[in-house]
Amino acid sequence: MARLSPLVKQATPVVVDRAEGNWILGVDGVRYLDFTSGIGVTSTGHCHPRVVKAAQEQVGKVIHAQATTVMHQPLLELTELLGEVLPTGLDSVFYANSGAEAVEASLRLARMATGRPNIVTFQGGFHGRTFGAASITTAGTKFRTGFSPLVGGVVVAPFPYAYRLGLSEEDAVAYALRELDYLFATVTAPGETAAFIIEPVQGDGGYIPVPVEFLRGLEVRAREHGILLIVDEIQAGVGRTGKFWSHEFAGISPDVLITAKGIASGFPISAIAASEELMSKGFPGSQGGTYGGNAVAAAAGVETLHVIRDEGLVENAAARGAQLQAGLTELQQKYPEIGDVRGVGLMQALEFTTADGAADSASAAAVQQAAVAERLLLLTCGPLNNVIRVVPALTVNESEVELALRALDAALASVLRVPVLQ
């Protein structure tokens, strides 16, 4: 009898029967409010009827039309629609299946296009679990331990994590940029540096928005030294932060953009976008893959983009994100174990710390599990596992946010408050 690998860990005991919107119905008949959205994947909610219909219709036409053999209409339509929301100048797109594959493709392109060997990544970033992606991932040793040696030519630079550093945001940015310049003098010369790769909002690293001045500082250095700027929008993109792309807050112009997760409401598809001039500098045949740009996933992606536009979901993410952050901040005032509340749009987090400021992973884990008992699904993250992330679908409404905040309050009280003896 076969079983699932014991290396795959499940964050909740829920076995899903069906799901709709922000709600999951377990096989036990219990209904859960899902504020994980499959780690930011079900952007239009579970089983949005328009996305379901588009996928069903495509299944009846063609399921698999391998894109380097024959082209199919959904991929052409998806590319046209992406062109309407991609940053100016990023007019060439390559499709893969997963975020990690898209990250790998961006690394190959950067090295081929520049002829330079080194990639600068930033402490706490998460970019995937394949060899190249894991080599630039520092969101936790669990992602990169036990299968060394990793890919060479990777340089890890400090990240302006102001709360952890105990600095103001301004001082944290100054520190991180100063250390980056020091890396150019000590580890990787600018002329040997192919690219910076960064998540504009760190995901698994703790849901930390990158200060806009840091992103602007990266862009200045990229332009000065001919280094490519790659933004990993896999988790923070497609409207989640209240702008279509999270780097828009900084007003920067990336050379390469990576997207996946929310682009197709749960179907596996990812992409990198660059200018045609840059993309053409890659080696012929270096991009491809059997399932990349699958017809059904592309059809779901087309309808996802239509739904996000038609239902004003980017604007909804901004409004509901502000509501959610305000509620989480109120909880922080009530529970001193919550050391930090942060995030942008529908990408919010609570960081748990002890009285002396040390990471409190035990409380984070206990609260996340207690929330399940309150019928609310949440996830932990962060290198020290002391962060709870709150990630509803972009379709979440005001009453669902309030319901989630009440459930989280109850979970916090059950874990962090000792009843007074009568």
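**A residue, then the chain**

Modeller: A polar atom of the side chain of Ser168 lies 3.1 Å from the backbone nitrogen of Asp171. A polar contact is a pair of N or O atoms within 3.5 Å; within protein, one must be able to donate a hydrogen and the other to accept it, and residues adjacent in sequence count only if both atoms are side-chain atoms. This is a predicted model, in which local features need pLDDT of at least 70 and side-chain atom pairs count only at pLDDT 80 or more, while totals for chains, interfaces and linings use all residues. Residues are numbered from 1 along each chain as its sequence is written, and side-chain values use heavy atoms, with hydrogens and water left out.

Colleague: Where is Ser168 found?

Modeller: Ser168 is in the loop between helix 6 (162–165) and helix 7 (169–186). Helices (H or I, at least four residues) and strands (E, at least two) are DSSP runs, numbered from the N terminus.

Colleague: And is Ser168 buried, exposed or partly exposed, and why?

Modeller: Ser168 counts as partly exposed because its relative accessible area is 36%. Buried means under 20% relative accessible area, exposed over 50%, and partly exposed in between (1.4 Å probe, protein chains only).

Colleague: Let us turn to Thr44. Where is its place?

Modeller: Thr44 sits in the loop between helix 1 (37–40) and helix 2 (49–59). Thr44 is buried, because its relative accessible area is 2%.

Colleague: Which residue has a side chain joined to that of Thr44 by a polar contact?

Modeller: That residue is Ser265, and the polar contact is 2.7 Å. Leaving aside neighbours within four places in sequence, Thr44 is also in contact (heavy atoms within 4.5 Å) with residues including Val51, Thr304 and Thr395.

Colleague: What about Gly301? Which residues does it touch?

Modeller: Not counting residues up to four places away in sequence, Gly301 touches Leu78, Ile263 and Ala264. Gly301 is found in helix 10 (residues 295–310), and it counts as buried because its relative accessibility is 0%.

Colleague: Now the whole chain. How many helices and strands are there?

Modeller: The chain has 13 helices and 17 strands. Its radius of gyration is 21 Å, close to the 22 Å that the globule rule gives for 422 residues, so the chain is as compact as a globular protein of that length. The radius is taken over C-alpha atoms, and the rule is 2.2 Å times the number of residues to the power 0.38.

Colleague: How much of the chain counts as buried?

Modeller: Of the 422 residues, 56% count as buried.
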